[in-house]
Structure formats: C-alpha cells, structure tokens
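Please examine the model below with attention to its ligand site, its backbone geometry and one of its helices.

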Amino acid sequence: MKIKNIFNILKVLPILLLTLSCDGDSDNDGPIIIPPTRVQATFEMSISPSDPNVLLLDNKTSGIGDFISEWDFGQGDGLVQDLPGIEEVRFDTDGTFSVRLLVSNAAGLTVDSKTVVVDNSAGGICPNGNCGSTSTSALKDAATTFFVGNITRSSRVNAGGKHVEVLKSDFSSITSEYEMKMNVMYPSQGNYDFTAADAIVNFGVNNGINVHGHALIWHNATPDWVNDFTGTDSEFEAMVKDYITTTVTRYKGKIGSWDVVNEAIDDGSGNPLRNSVFKQKMGDDYIKKCFQWARDADPDCLLFYNDYNMASSSGKRAAMFKIVDDLGDLIDGVGAQMHISYNGPSKSNIQAVANGTVSRGLKLHFAELDIRANPNNDQTSLTSQRADAQKAKFKEVVQIYNSIPLDNKYALTVWGLKDNESWLLDFWGHADWPLMYDDDYNKKKAYDGFLEGLQ
Ligand code: XIL
C-alpha cells in the first residue's frame, strides 16, 4: 500500500466516525458498510531531463480506500509493484511500447496506458511519440536562392548561447521581433533610442547575416505620443519624415530591406485603409510619402509593404495589390505574413499571393511564417498526426516559394525559433507548437518539411 493511500484513509475517517455516531439505531442494524468505489488508474510520464532514454513515470492515482498499483513497462518483464515516488525506467531499444498502470481495489481493476516511441537516431525517447527531424543539413545551406530568416531580440543576441548558435547555423537573415518598431526606436518626441536596434543590426553585420528592417510604420507599435500628437498636421508629417529619414539613414548599407508600412489595410468589408493616426493626419497617400522618404534616405535598400491574411482573404489581397500598384517604382516587394495553420489557407490561395507578386515583377517576402498545429485548441500536446500535417504545410509553403523565378525571390522568414517562444501563445492564449524547433531546440518534423520543400 502506498503512503498516499494511508492518507486517503485518514481523510475519510472523520466522515466515517461521524456517520457511525449519528446513527442512533446502530445496535439494531449492525455495522454500516460503505461499498468501495473503483479507483481510476492515472499516471503522467515525461522524459528525464538528464537522459533521453529514461522515462519518468508518476502514478497520479488517487481515491478513497486501499488500492494496489502495478506497472507493466511494456518491455516483456511482467508486472512490477509501484514504489513510492517517481519510477525511472530505461528504454534503450528502438520501437513502440505500451506502458500500463494497473490499479485495483475491492471494486475491481482499472488501467491507464500510454504509448512510448523510441528512436535512438532521433535522440532517444520521442516527446509525445513524436520523433523529430534527424537532419543534419542546415536550412540556409539547403536554400541556395533566397535568404532563410528568423527573428531575434537584442537580449538574445547579447546573451549568446543556443539561440545565437541556431540562428548562425540555420539562418541567413534576421528580423527584429519588436525592437525596430517606432514605439521602441522613437519613445518620445526628439529622442531616438536605437540601442536595441543597433545590437541586432550589428549582430547581423558582424556575422554576415542579412538584416531585414521591420517595421517603420505600424499602427500597433506607434508610441502614445504619436497617437496623441498635439501639433498641426504638417508638423506631424515633418515628424514622420524625420523619423523615417533618421532611421533608414542610420542603417544605410547595413540592412538589405525595410518593411516601410505594415498592416495598413482594414479587415472589415471592402478592406479600406485602416484609420490610423497616419491616415488621419497625412491623408490616404501617407503610404506613398513614407516610401518616398525611405527611398530618398537609402536608394539601395529594398522597400516592402507587409500585411497579413494575404492568402486567406482575396479581398485583402486585392486591396494590397492596389496599394502596391499605386506605389509604382517606389516599392520593391510584397511581404506576405504567413501566420497560417496546418489546415489552411489552401495551397491555391497561397499560390495566388505568389502569382500576383510575380506578375508585377516584384520581390516576394514570405514573412512571419508560423504554422499553428492547434488552431481550435482541441489538443493538449503536439500529436504525431498534427506534427505530420504541420510538416506537410511547411513543405507546401517552401515549395511554392522555391518555385517562383529567381528574380522574384528574396527571403522566407520564420517568426520564431522554438515553440515556447512563439508570440502566438500569448496572442491566442492557448497551447500551440507553431515553429520548427521544440521547446528544447530539437528539430521537429516541420524542419524536414522545410528541407523537403526545397527539393
Ligand atoms: C509581434 C511580436 O512577435 C511580439 O513580440 C510583439 O509584442 C508584437 O508584435 N504581425 C507583425 C509582427 O507584423 O511585427 C508581430 O510581431 C506579429 C504580427
């Protein structure tokens, strides 16, 4: 009997005594018998952080009364009595095993079972039965005709370690996740702060990694003092011109491209321009003005318009291409944010973004790629099936990108390195695994999907 079972008996003892003492007729009716209820077997398992071939098994069964717990580790050794604390079990041989916990009491037997997959070439026991990628090819070496990008932060490039190691080995382009946006670079009027941006740009330059600037104008990263601007409209416009000129000039020759305007289109019907402070104070052609100032500051820098739902919404896509057409020679490329899911948008809708961009002779940036595996929040872990579906979608996206003509290629940027760093966790508020590395920097099947898309 486990220690915790004794505690459970102690827990019900007062109720039992109370029941007995309240029963005035107990002399006549004999002892009260409380029938035992079944105790449901439950356990949790995890891989040992210190040994990828050791499974940690934690019997979580709880219930009233005495019960017996036994394990079947699925390796042909029969039943083993559960001992107090966590069981550590080695799995050295490749294969699929069924681990079972059998719990019985006077009311009968209950069983909990879980599948364990071991693939030593993938590093040992596969998390959630998911054996990740075993590839040793670096993404940036496999993609020879375009940059493979990812995001970073100044704190991460300054800290070094695994983040920097993976960035350097797999990626040929970086984007600042949030520190090259107006609210960080221009926190108060007249006071620029390029500390974080400089760290990121210098890291790229020093390591021969392309830097994509993101994003000069974005309604969601506009500082309060700009949203609440108190001067005249022409003072506002002069302020924006100074901001764009100062910023683009600072990084002239150091970064390859800028998203000049991000997410200017409304999602609502008709997809009009979002009613941002820039539109209000500078008019509908604020986009053109911003592109002109950026162009003037660094004529060699590629200028992009960047927006989301380009594949899933044909209306938004049309509105985006209208902006692009109006910009004429001021724009070099289209940034299509690829925040998508394992089950959509469809291949043909993603292809439509590529086709529209290529037909205009512009560069295409598949920007901000992450592929949700749990869009409906119906999963608590990344199952093998979802990991396969996610891999297939990564492959599809890369295949579409890799098939466009060379002249239209620029970069495919993934929005995050490892699953637990994805912005989507906060944004949607529930579990997901949208990236190519798991929480421990293991390459997922998605990584193979990326590589296969290049073949
Ligand atoms: C997100 C970052 O990932 C977050 O860290 C930040 O707090 C908010 O912005 N579209 C964009 C990106 O263009 O800049 C956003 O990045 C994600 C949506």
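The following paragraphs take up the ligand, then the backbone, then a helix. The model is predicted.

The ligand sits in the second largest pocket. The residues around the ligand include Glu 177, Tyr 178, Lys 181, Trp 218, Glu 263, His 339, Glu 368, Trp 415 and Trp 423. On its own the ligand has 410 Å² of accessible area, of which the protein covers 78%.

Ala 215 is in the loop between β11 (210-213) and β12 (217-218). Another cis peptide bond joins Gly 344 and Pro 345, with omega about 0°; Pro 345 is in the loop between β15 (333-341) and α13 (347-359). Most residues other than glycine have a negative phi, and most peptide bonds are trans.

Phi is positive, at about 45°, in Asn 271, which is found in the loop between β13 (257-262) and α10 (277-282). Asn 377 likewise has a positive phi, near 50°, and is placed in the loop between β16 (363-372) and α14. Asn 271 counts as buried because its relative accessibility is 13%, under 20%, whereas Asn 377, at 43%, counts as partly exposed.

Helix α16 (residues 445-453) is largely enclosed by the rest of the structure, because 8 of its 9 residues are buried. Among them are Tyr 447, Phe 450 and Leu 451. The cover over the buried residues of α16 includes α3 (139-142), β9 (147-152), α5 (161-170), α14 (384-402) and β17 (409-414).

Definitions and conventions. Residues are numbered from 1 along each chain as its sequence is written. This is a predicted model: local features need pLDDT of at least 70, side-chain atom pairs count only at pLDDT 80 or more; totals for chains, interfaces and linings use all residues. Side-chain values use heavy atoms; hydrogens and water are left out. Buried means under 20% relative accessible area, exposed over 50%, partly exposed in between (1.4 Å probe, protein chains only). Helices (H or I, at least four residues) and strands (E, at least two) are DSSP runs, numbered from the N terminus. Contact means heavy atoms within 4.5 Å. A residue is near a molecule or strand if one of its heavy atoms lies within 4 Å of it. Accessible areas come from the Shrake-Rupley method with a 1.4 Å probe; for residues, only the protein chains shown count as cover. On a 1 Å grid over the protein atoms alone, a cavity is a set of points where a 1.4 Å probe fits but cannot get out, and a pocket is an open set with protein on both sides within 12 Å along at least five of seven lines; lining residues have an atom within 4 Å of a point. A molecule sits in a cavity or pocket if more than half of its atoms lie within 2 Å of its grid points.
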